[in-house]
Amino acid sequence: MCFICDFKSAPSPATRPDHVWSARRGFLLAGTAAAAGSVLPAAAQVDVGQASALRNLIPAEELEGAANQQYAQMMNEANAKKLLLPSGNAQVQRLRNIARRIIPHAAQWNKRATEWKWEVNLIRSDQVNAFCMPGGKIAFYTGILDKLQLTDDETAMIMGHEMAHALREHARARVAKSSATSIGLSIAAQLFGLGQLGDVAANLGTQLLTLRFSREDETEADLVGLELAARSAYAPQASVSLWQKMTSAGGGAGPGFLSTHPSGPNRIRELEANVPRVQGLYEQARKG
């Protein structure tokens with residue numbers, strides 16, 4: 001789960017020290033590199049490199065199925081507490097309209113996105129938070145819209161950022177890393193079958209809701225989200241104004257920021273450097 005992506009307090013298996021993993025990493029990558037199969041869009045303007053090969057240790061279908069179940073449970077609970085805003089709500093319609101403009105550009109970053117049953121909901125809560133689960137299940141909290149007084153362009157930057165986490169399969173890679181470490185997966189299991197990892201996705205519990213993405217994941221999601229929004233005719237400069245608001249809201253560091261994530265100023269500098277790269281996409285989209 002991501003507050004763009006830092007509003008979390010629950011510990012996560014994905015935060016275990018990397019040295020536990022490093023001893024096996026070379027062997028695991030050797031067993032999965034051939035299956036990586038992720039290439040950057042030919043027309044991509046931002047440079048984020050290839051998606052992690054680790055994600056191939058977890059079946060995408062199972063992870064997405066688990067995410068769909070968790071999302072449905074969350075929405076049912078929110079609805080029972082009268083916190084799930086109805087489809088006729090103006091803010092819900094606003095979010096869904098933004099999603100409709102961005103979704104057509106998602107498949108270039110992940111072909112599976114064409115099969116996802118995208119869903120967007122809004123939960124009444126003071127939390128400054130939003131997330132997109134594997135498989136395209138999106139939720140915003142009213143706190144992030146109301147407290148930051150977001151424009152449509154800024155909201156689109158958040159939407160694109162959260163969608164980017166799902167499209168680049170950051171959760172899949174993080175779950176694979178933590179699960180492989182915890183069960184001591186053998187090389188043979190990787191070469192001749194998924195072994196215990198084949199059942200991991202079906203037994204995630206609440207892990208998807210407590211995952212903490214790495215600094216690299218966050219930067220990647222910022223840039224991919226920026227490009228998605230620009231291609232959808234949302235002003236790239238809004239990514240900068242969004243993070244200026246975030247930084248102001250947190251007294252200089254951003255609300256609830258964790259040390260493993262880029263700081264507001266660092267994020268702003270990175271986004272400012274990439275705004276010119278997608279400006280042409282934005283102008284072209286506006287004309288279209």
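The model is predicted, so local features need pLDDT of at least 70 and side-chain atom pairs count only at pLDDT 80 or more, while totals for chains, interfaces and linings use all residues. Residues are numbered from 1 along each chain as its sequence is written, and side-chain values use heavy atoms, with hydrogens and water left out.

## The sheet

Helices (H or I, at least four residues) and strands (E, at least two) are DSSP runs, numbered from the N terminus. Two strands pair if DSSP finds at least two bridges between them.

Three strands form an open sheet in the order S1-S3-S2. Its pairing is mixed. Strand S1 (119-123) and strand S2 (130-133) are the edge strands, and each pairs on one side only. Neighbouring strands are turned by 15° against each other on average, direction ignored. Axes are lines fitted to C-alpha atoms, for helices over the stretch in contact, and angles run from 0 to 180 degrees between N-to-C directions.

Take the S1 side of the sheet. S1 and S3 pair in the parallel sense over five bridges. Glu 119 stands opposite Lys 137 in S3.

Now the S2 side. S2 and strand S3 (residues 137-141) run antiparallel, joined by four bridges. Phe 131 has Ala 139 in S3 as its bridge partner. Cys 132 stands opposite Ile 138 in S3. S2 and S3 also form a hairpin, with three residues between them. In the turn, Gly 135 has a positive phi of about 100°.

Is S3 enclosed or open to the outside? Five of the five residues of S3 are buried, so the strand is largely enclosed by the rest of the structure. Buried means under 20% relative accessible area, exposed over 50%, and partly exposed in between (1.4 Å probe, protein chains only). In a regular strand the side chains alternate between the two faces of the sheet. Both faces of S3 are covered. Lys 137, Ala 139 and Tyr 141 are buried on one side, and Ile 138 and Phe 140 are buried on the other.

Helix H3 (residues 90-102) lies across S1 and S3. The helix runs at about 150° to S1. Contact means heavy atoms within 4.5 Å.

## Salt bridges

Side chains of opposite charge can pair when their charged atoms come close. A salt bridge here is a side-chain nitrogen of Lys or Arg within 4 Å of a carboxyl oxygen of Asp or Glu. The structure holds ten salt bridges.

| Pair | Closest N to O |
|---|---|
| Arg 94 and Asp 152 | 2.6 Å |
| Arg 267 and Glu 218 | 2.6 Å |

Arg 94 and Asp 152 link distant parts of the chain. Arg 94 sits in helix H3 and Asp 152 in helix H5 (residues 152-167), 58 residues apart. Arg 94 counts as buried, at 17% relative accessibility. Asp 152 is partly exposed, with a relative accessible area of 40%.

Glu 154 also lies in helix H5, and Lys 245 lies in helix H10 (residues 238-249), so this pair ties together parts that are 91 residues apart in sequence. Glu 154 counts as buried, at 4% relative accessibility. Lys 245 is partly exposed at 26%.

Arg 267 is in helix H11 (residues 264-287) and Glu 218 in helix H9 (residues 215-231), so the pair ties together parts that are 49 residues apart in sequence. Arg 267 and Glu 218 are both buried. Elsewhere, salt bridges that share partners join Glu 61, Glu 64 and Arg 112 into one network.

## Helices H10 and H11

Two packed helices are described by the angle between their axes and the distance between the axes. The axes of H10 and H11 come within 9 Å and cross at roughly 175°. That makes H10 roughly antiparallel to H11. Angles under 35 degrees count as roughly parallel, over 145 as roughly antiparallel, 65 to 115 as roughly perpendicular and the rest as oblique.

Which residues meet? From H10 come Ser 239, Val 240, Trp 243, Gln 244 and Thr 247. Their counterparts in H11 include Arg 267, Ile 268 and Leu 271.

H10 also holds Ser 248. Ser 248 counts as exposed, at 60% relative accessibility. Ser 248 and Leu 148 are 100 residues apart in sequence and 9.6 Å apart in space, C-alpha to C-alpha.
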